[in-house]
Amino acid sequence: MMEGFRSAYLTIAEARARIEELVALSKSYWAEKPGAFGTTRDDAFPGKLVHIFTIQRQLPDRCHTIVSGILQDLRHALDQAASASVFALTGEDRRDTHFPLARTQADFQRLRPKLETIQHVDVVDTIARHRPFGDSNPLLYALTLANQSKHRRLIEATTHLSQRSCFMSGDLTKGEIRMIVPTVDTPRGDFAVLALSDEAVNAVVTEASMMLIIAFARDVDGLAGMPAPDTMLTLSSEVELIVQDIEAATRSVAC
């Protein structure tokens, strides 16, 4: 390992420790059964039953703090790698060097000449190969969320059911989501409600209970509805690969 890159790997390890904490909190939250299923009649569907899942206890604020911390750690690890590369090649302590995350590929290309005055062209090429722009790599670009308000609601409790089973509507952050179960011959997009037997309702409830997750909120571009723990783990692996590639490119140029 090249001197200077160690701190980036340590920061990634810190992010993964936070991910483990998020997984443990997620399991604990659902184990305490924070929601309940019920049925009701809805004026919008005369004579039909609508199955409702109600969140009775919101996610702990600690969950949002952890996700924000993970994003900050992973963003910081990339900045550390960029700074370490500059120092290894120029001897300049450029801690103000930041890993470039651009909104679009065109934005990155406009930024590239400036990057090449700080970093070697081979290192910039290596960074570009990882597509650090939001229009083609929204997962990596999600690290820019670390720059936004820590009070932004990044995640929410949600449930995923197969589209063939039912249509979910509503906002769990407001405490309720409705499950409208279509008939077999319902045209796609037309969610007429089917009055289910108790056995069928129980089957839907069981499936839903198995799919309860902590996911990114609907207003988080590119990540909406994705399971937060799994997504953060995938992102940490991508960040580690980028750091390794920057280190390898730096070593190649230095030699």
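1. Is helix 2 mostly covered or mostly exposed? Helix 2 is mostly covered, with 21 of its 30 residues buried; buried means under 20% relative accessible area with a 1.4 Å probe, protein chains only. Helices here are DSSP runs of H or I of at least four residues, strands are E runs of at least two, and both are numbered from the N terminus.

2. The model is predicted: local features need pLDDT of at least 70 and side-chain atom pairs count only at pLDDT 80 or more, while totals for chains, interfaces and linings use all residues. Residues are numbered from 1 along each chain as its sequence is written, and side-chain values use heavy atoms, with hydrogens and water left out.

3. The protein chain holds seven helices and six strands, in the order α-β-β-α-α-α-α-β-β-β-α-β-α from the N terminus. Of its 255 residues, 45% count as buried.

4. Helix 2 spans 44 Å from first to last C-alpha, close to the 44 Å expected at 1.5 Å a residue; the expected span is 1.5 Å times one less than the number of residues. Gly-91 follows helix 2 and has a positive phi, near 80°.

5. The axes of helix 2 (residues 61–90) and helix 7 (residues 228–254) come within 10 Å and cross at roughly 0°. Helix 2 is therefore roughly parallel to helix 7, the term for angles under 35 degrees. Axes are lines fitted to C-alpha atoms over the stretch in contact, with angles from 0 to 180 degrees between N-to-C directions.

6. Residues of helix 2 in contact (heavy atoms within 4.5 Å) with helix 7 include Leu-74, Leu-78 and Ser-85; those on the helix 7 side include Val-239, Ile-246 and Thr-250. By class, this contact has 16 nonpolar, three polar and no charged residues. Ala, Val, Leu, Ile, Met, Phe, Trp, Tyr, Cys and Pro count as nonpolar, Asp, Glu, Lys and Arg as charged, and the others, Gly among them, as polar.

Terms used:
Buried < 20%, exposed > 50% of the residue type's maximum accessible area, 1.4 Å probe, protein only. Parallel < 35°, antiparallel > 145°, perpendicular 65-115°, else oblique.
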